[in-house]
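Have the sequence and the 3D view ready.

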Amino acid sequence: MEALADNIKSLLGIKLSKDQLGALSLYQHELLEWNKHIGLTAIRSVEGVQTKHFLDSLTVLLAWERHDSPARLIDVGTGAGFPGLILKLVWPSTQVTLVESIHKKADFCRHIVDQLGLKGVTVLSDRVEAVGQDPEHRQSYDLAVARAVARMPILMEYLLPLIYSNGIAMAMKGETAHAETQAAEKAIRLMGGKLHKLVHVTLPGVVEERYIVVVNKVARTPEEYPRRIGVPAKDPIQ
């Protein structure tokens with residue numbers, strides 16, 4: 001954990017406490033153990049988990065410009081809890097909702113929440129299209145994030161209905177970020193969003209390009225979005 005702590009301090013300018021590092025150590029152990037049996041992630045090395053999951057998740061802090069942590073955060077397609085649960089460790093007062101339709105992954109997230117004794121975390125084993133039409137979640141969040149979930153036109157239909165006006169959507173992307181963002185211009189506008197910026201992220205020892213696409217919510221999302229389950233992916237807004 002020492003190398004991870006050093007990288008976090010160097011890249012993000014924050015020093016994690018012993019409790020936070022202990023939580024990450026436990027998370028790492030449980031992830032690698034579960035991964036032997038149910039295939040949570042293709043990354044199977046300690047170094048890979050620490051850099052490509054833990055550190056990568058925390059790069060959201062580079063794109064978050066506000067002084068206070070978000071009151072409510074929703075992580076769509078969280079997988080094994082990234083970036084949502086890692087952000088919860090540095091934003092303990094934030095209410096976090098994790099959306100993961102694959103039940104074994106959602107079960108792992110619940111297990112980690114229990115193991116770490118985290119409060120204020122909800123795990124939903126639902127499709128995001130249904131969550132986006134649920135009054136309990138629709139236009140209710142300060143920040144909606146997604147990492148490696150879908151192409152940008154689809155992702156904007158997933159994320160923007162979940163945040164209120166003046167909220168923020170962040171899509172964690174690879175080298176295709178610029179092209180995808182350009183292709184999503186209509187979807188962003190239609191969902192009530194406005195492109196704010198792309199943040200370039202460099203992870204130590206990782207050659208792949210990484211970006212965080214930041215979209216501000218400036219208007220209400222029309223009631224018909226998101227469309228029915230499966231429709232955004234089959235028929236993306238173009």
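## The hidden hole

A search of the whole structure turns up one cavity of 30 Å³ or more. Here a cavity is a set of points on a 1 Å grid over the protein atoms alone where a 1.4 Å probe fits but cannot get out, while a pocket is an open set with protein on both sides within 12 Å along at least five of seven lines; lining residues have an atom within 4 Å of a point. The largest cavity holds about 40 Å³ of space, a volume being the space filled by probe spheres set on the points.

Who lines this cavity? Leu-16, Gln-20, Leu-24, Leu-58, Ile-86, Leu-89 and Val-90 do. That makes six nonpolar residues, one polar and no charged (Ala, Val, Leu, Ile, Met, Phe, Trp, Tyr, Cys and Pro count as nonpolar, Asp, Glu, Lys and Arg as charged, and the others, Gly among them, as polar). Helix H5 gives the largest share of the lining, three residues.

## A note on the model

This is a predicted model, where local features need pLDDT of at least 70, side-chain atom pairs count only at pLDDT 80 or more, and totals for chains, interfaces and linings use all residues. Residues are numbered from 1 along each chain as its sequence is written, and side-chain values use heavy atoms, with hydrogens and water left out.

## The open pocket

Now for the largest pocket, with a volume of about 700 Å³. Its lining has 37 residues, and Gly-77, Gly-79, Arg-147, Ala-148 and Val-149 lie nearest its centre.

Several elements supply at least two lining residues each, including helix H8 (152-159), strand E5 (163-173) and strand E7 (210-217). Helices (H or I, at least four residues) and strands (E, at least two) are DSSP runs, numbered from the N terminus.

## The sheet

Seven strands form an open sheet in the order E3-E2-E1-E4-E5-E7-E6, with mixed pairing; two strands pair if DSSP finds at least two bridges between them. At the edges sit E3 (121-124) and E6, each pairing on one side only.

Check out E7: it runs antiparallel to E5, joined by six bridges, and Ile-168 stands opposite Asn-216 in E7. E7 also pairs with E6 (residues 193-201) in the antiparallel sense, over eight bridges, with His-200 opposite Tyr-211. Why is E7 largely enclosed by the rest of the structure? Because seven of its eight residues are buried (under 20% relative accessible area with a 1.4 Å probe, protein chains only).

Notes:
Buried means under 20% relative accessible area, exposed over 50%, partly exposed in between (1.4 Å probe, protein chains only).
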